[in-house]
Amino acid sequence: MRVFRGLILVAVLVAAAGWWMTRPRPLPADALTGLEGDAARGETVFLAAGCASCHAAPEATDKRILSGGQRFASDFGTFVAPNISPDPVQGIGGWTGAQFASALRRGVSPEGRHYYPAFPYTAYAKMRGQDIADLWAFWQTLPASEAASQPHEVSFPFSIRRGVGVWKKLFLNEDWVMEGDLDPKLERGRYLVEALAHCGECHTPRGSLGGLDRDRWLSGAQNPSGKGEIPALTPDRLTWDAGEIAYYLETGFTPDYDSAGGHMVAVVENFGKLTAEDRAAVAAYVKALP
Amino acid sequence: MKKQVFALATAAALIATGAVAQDYSANLKARQGQFRIMALNLGILGGMAQGKIAYQAEAAQRAADTLVAVSHIDPGPLWPEGSDNMSIDGTRAMPSIWDENADFLAKWGAFGDAAAGMQQVAATGQEALGPAMGKLGGACKACHDKHRAPQ
């Protein structure tokens with residue numbers, strides 16, 4: 001009897017510890033204190049981070065209305081991008097800057113719930129505070145949408161959000177994949193590729209739990225939407241030179257003048273609006289991959 | 001008698017496999033060749049735009065004229081119904097080309113508009129090529145985004 005009671009006590013303690021360890025961890029309320037946001041610079045962050053590529057309505061012509069509704073199929077269910085326009089009721093207009101930062105860097109909602117990692121916060125976790133402040137300033141200039149967000153279509157056990165806390169323990173960290181001393185151009189390229197543009201989300205293969213396999217970084221992967229493969233960017237497979245990569249990101253043309261298709265169309269649309277220096281930085285990073 | 005039975009059985013087998021018997025290889029070669037012609041000439045203009053090939057007004061104009069000529073090819077015979085990637089091998093053409101044919105034709109038309117834009121400026125100088133290439137790239141991507149399957 002005493003042993004039994006002891007076992008129960010241990011079980012309760014383990015459960016409590018697990019509950020504690022998997023809790024959502026928002027940033028402190030003063031996360032953006034002292035940072036002055038610049039909307040013009042925020043637009044660059046907005047384009048590089050590809051917010052509209054997933055959060056604009058399906059086939060929308062005005063990509064600045066972030067009303068949501070695009071569907072993303074995965075092994076764990078279908079995720080539906082929510083309305084993140086500045087509408088105070090249906091969107092995120094009522095959020096504070098710190099809540100916005102918590103969503104991006106910690107994957108935690110203002111109500112203290114985990115977001116599913118279809119939202120690429122594993123990349124955004126590396127975003128600089130100044131960039132988040134700039135992005136938030138730009139956000140205030142976007143049009144609001146009153147469209148209601150649609151629920152995700154995720155079934156048990158993935159419907160238990162607390163499980164995402166376990167997933168975060170395994171896969172959410174702020175470490176760079178490309179390590180070492182980088183020159184300013186490569187550093188900018190790494191920031192664009194690994195943090196803002198979240199290239200790894202599609203170009204890196206995932207393990208059985210859906211975490212990115214960092215040992216096979218950007219080495220190509222199955223297309224989560226079903227048919228086809230997402231190409232590798234590693235030097236054993238991608239033979240384009242830096243100029244060709246930059247030109248592809250600007251115009252969508254490959255070196256033999258085929259053109260981008262699928263989700264890369266949205267990426268090129270954004271990268272075509274960035275500076276030539278930023279495209280060259282991404283190209284330099286890709287060429288520096290092992 | 002034996003021969004007749006064999007012939008009947010063969011005929012039945014052919015009918016049973018129905019769609020497979022349709023041969024679209026000529027249509028596929030024609031439309032893929034069309035895209036090769038486009039890529040070759042885009043390569044001349046893109047090479048000049050990037051400064052990899054020396055700019056030459058006459059060659060640029062010829063390449064642009066060729067793109068416009070391709071845009072005038074009637075898409076009908078190139079894209080018969082049933083020649084999509086769900087029905088046959090060797091193509092990345094998605095069924096949406098036929099399910100949403102008006103959208104497909106509008107996007108093909110947009111390529112024609114972009115080619116005509118290039119035709120107007122190709123001979124006016126090297127710096128005019130970049131923006132016109134951007135519009136052509138946009139037209140290519142728009143259709144590939146929707147109607148071409150990933151590799």
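## Chain B: overall composition

Of the 151 residues of chain B, 27% count as buried, where a buried residue has 20 or more other C-beta atoms within 10 Å of its own, an exposed one 12 or fewer, and a partly exposed one a number in between, with C-beta atoms placed from the backbone. This is a predicted model, in which local features need pLDDT of at least 70 and side-chain atom pairs count only at pLDDT 80 or more, while totals for chains, interfaces and linings use all residues. Residues are numbered from 1 along each chain as its sequence is written, and chains are lettered from A and ligands numbered from 1 in the order in which they are written.

Chain B contains six helices and zero strands; helices (H or I, at least four residues) and strands (E, at least two) are DSSP runs numbered from the N terminus. The order of elements from the N terminus of chain B is α-α-α-α-α-α. Among contacts in chain B between residues at least 6 apart in sequence, 68% join residues at least 24 apart, a contact being a pair of residues whose C-beta atoms, placed from the backbone, lie within 7 Å.

## Packing of H2 and H6 in chain B

In chain B, helix H2 (residues 25–49) packs against helix H6 (residues 129–147) at an angle of about 140°, and their axes are 9 Å apart. Axes are lines fitted to C-alpha atoms, for helices over the stretch in contact, with angles running from 0 to 180 degrees between N-to-C directions. The angle makes H2(B) oblique to H6(B); angles under 35 degrees count as roughly parallel, over 145 as roughly antiparallel, 65 to 115 as roughly perpendicular and the rest as oblique. The crossing of H2(B) with H6(B) is left-handed, a term for a near helix turned anticlockwise from the far one by less than a right angle, with right-handed used if the turn is clockwise.

On the H2(B) side, the contact involves B:Leu42, B:Leu45, B:Gly46, B:Met48 and B:Ala49, which meet B:Leu129, B:Gly130, B:Met133 and B:Leu136 in H6(B). The residues of this contact divide into seven nonpolar, two polar and no charged. In this classification Ala, Val, Leu, Ile, Met, Phe, Trp, Tyr, Cys and Pro count as nonpolar, Asp, Glu, Lys and Arg as charged, and the others, Gly among them, as polar.

## Interface between chains A and B

Contacts between the chains involve 18 residues of chain A and 16 residues of chain B. Helix H10 (242–251) and helix H11 (264–271) of chain A each supply at least two residues of the side of chain A that touches chain B. That side of chain A has six nonpolar, eight polar and four charged residues.

## Helices of chain A

H10(A) also packs against helix H12 (residues 276–287) of chain A, at an angle of about 130° and with the axes 8 Å apart. This angle makes H10(A) oblique to H12(A), and H10(A) passes H12(A) in a right-handed crossing. The residues A:Ala242, A:Ile245, A:Ala246, A:Leu249 and A:Glu250 in H10(A) meet a set in H12(A) that includes A:Arg279, A:Ala280, A:Val282 and A:Ala283. By class, the contact of H10(A) with H12(A) has nine nonpolar, no polar and three charged residues.

Helix H6 (residues 129–139) of chain A is mostly covered, with nine of its eleven residues buried. Among these buried residues are A:Asp131, A:Asp134, A:Trp136 and A:Trp139. Their cover includes helix H2 (39–49) and helix H4 (97–106) of chain A.

## The E1–E2 hairpin of chain A

Strand E1 (residues 71–74) and strand E2 (residues 77–80) of chain A pair in the antiparallel sense over four bridges; pairing requires that DSSP find at least two bridges between two strands. A hairpin through two residues joins E1(A) to E2(A). A:Phe72 has A:Phe79 in E2(A) as its bridge partner, and A:Ala73 stands opposite A:Thr78 in E2(A).

## Loop residues and backbone geometry in chain A

A cis peptide bond, with omega about 5°, joins A:Phe156 and A:Pro157. A:Pro157 is located in the loop between H6 and helix H7 (162–171) of chain A.

Positive phi values occur at two non-glycine residues: A:His198, at about 40°, and A:Leu218, at about 55°. A:His198 is in the loop between helix H8 (184–196) and helix H9 (200–203) of chain A, and it counts as buried because it has 21 C-beta neighbours inside 10 Å. A:Leu218 lies in the loop between H9 and strand E3 (221–222) of chain A and is buried, with 28 other C-beta atoms within 10 Å. A:Asp236, in the loop between strand E4 (229–230) and H10 of chain A, is exposed, with 9 other C-beta atoms within 10 Å.

Terms used
Contact = placed C-beta atoms within 7 Å.
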